[in-house]
Amino acid sequence: MARERATALLVDFDGVLRRWDPAVAAGVERRYGLTPGVLGDIAMHWGRLQPVLVGRVSHADWMGSVADALAGRAVDPEQARAAVAEWQEYRGEVDPDVLAFVREVRAAGIPVGLATNATDLLDADLAALGLTDELDAVVNSSAIGVHKPSKEYFQAACQALRTPPERVLFVDDDDRMISGARVAGLSAYRWSGPEGLRYVRAALAY
């Protein structure tokens, strides 16, 4: 039996709707004499990252812990805080092709939600990037207390879109997230760039 076509769309933020220029972090690390890649390595350590993604600590506290860990690697504490602060000033860039597609989908009457593992800084980021009014729902892991790829996260996302899982298409650039969404009953597409828009468009009912 063929699956019904999706009537709602969920898109990931980082790696799909928002892009990050790796040259920015590399430039900060170079200016402060840091090991290449160290800021991301420290920040993305799961024991440090997971609490902020479920709202147990704030974005500011998370970055404070990054600066503390950096200082623990023989970096002057004041320099460590300055490097982290400068790194965090850059909030990424919107992918214009994805944003145009989101607008196209919404204009066709299909709701679009943002499904992201994010911190309490998400609303400010959306405002800074001009995205506040571009989405029908925003499902932030730190606001609901569970993160992708848990089944509970995807259930909450579908509820936010008022659409059953079997009618929701999810787009993400991480294989683990895609697998989790499928386990939860959603259709899912692994994003690798704007060339995938043809498939996503065909998978939606418009």
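The largest pocket has a lining of 37 residues, and D14, R18, W20, M44 and W62 are those nearest its centre. On a 1 Å grid over the protein atoms alone, a pocket is an open set of points with protein on both sides within 12 Å along at least five of seven lines, whereas a cavity is a set of points where a 1.4 Å probe fits but cannot get out; lining residues have an atom within 4 Å of a point. The model is predicted, so that local features need pLDDT of at least 70 and side-chain atom pairs count only at pLDDT 80 or more, while totals for chains, interfaces and linings use all residues. Residues are numbered from 1 along each chain as its sequence is written, and side-chain values use heavy atoms, with hydrogens and water left out.

**Pocket and cavity**

The structure also holds one cavity of 30 Å³ or more. Volumes are the space filled by probe spheres set on the points, which are joined across faces, edges and corners. In the table, Ala, Val, Leu, Ile, Met, Phe, Trp, Tyr, Cys and Pro count as nonpolar, Asp, Glu, Lys and Arg as charged, and the others, Gly among them, as polar.

| Space | Volume | Lining residues by class |
|---|---|---|
| Largest pocket | about 940 Å³ | 19 nonpolar, seven polar, 11 charged |
| Largest cavity | about 50 Å³ | nine nonpolar, no polar, no charged |

Helices (H or I, at least four residues) and strands (E, at least two) are DSSP runs, numbered from the N terminus. At least two residues of the pocket lining come from each of α1 (22-31), α2 (38-43), α3 (46-53), α4 (59-71), α5 (77-89), α7 (122-128) and α10 (175-183). The largest share, four residues, belongs to α1. The cavity, in turn, is lined by L9, V11, V16, V98, F101, V171, W191, L197 and V200. Two or more of these residues are given by each of β1 (8-11), α6 (96-107) and α11 (197-203).

**Domains**

An automatic or database domain assignment supplies the domain bounds. It divides the chain into domain 1 (6-17 + 91-201) and domain 2 (20-87). Each of the two domains gives at least three residues to the lining of the largest pocket. Their centres, taken over C-alpha atoms, are separated by 26 Å. The contact (heavy atoms within 4.5 Å) involves 14 residues of domain 1 and 11 residues of domain 2.

Between them the domains bury about 1000 Å², 61% of it on carbon and sulfur atoms; buried area is the accessible area (1.4 Å probe) that two parts lose on being put together, summed over both. On the domain 1 side, R91, T119 and H147 lose the most area to domain 2, together 40% of what that side buries. The count of salt bridges (a side-chain nitrogen of Lys or Arg within 4 Å of a carboxyl oxygen of Asp or Glu) between the domains is zero.

**Backbone features**

K148 and P149 are joined by a cis peptide bond with omega of about 5°. P149 is located in the loop between α8 (141-144) and α9 (151-161). R162, although not a glycine, has a positive phi of about 55°, and lies in the loop between α9 and β6 (168-172).
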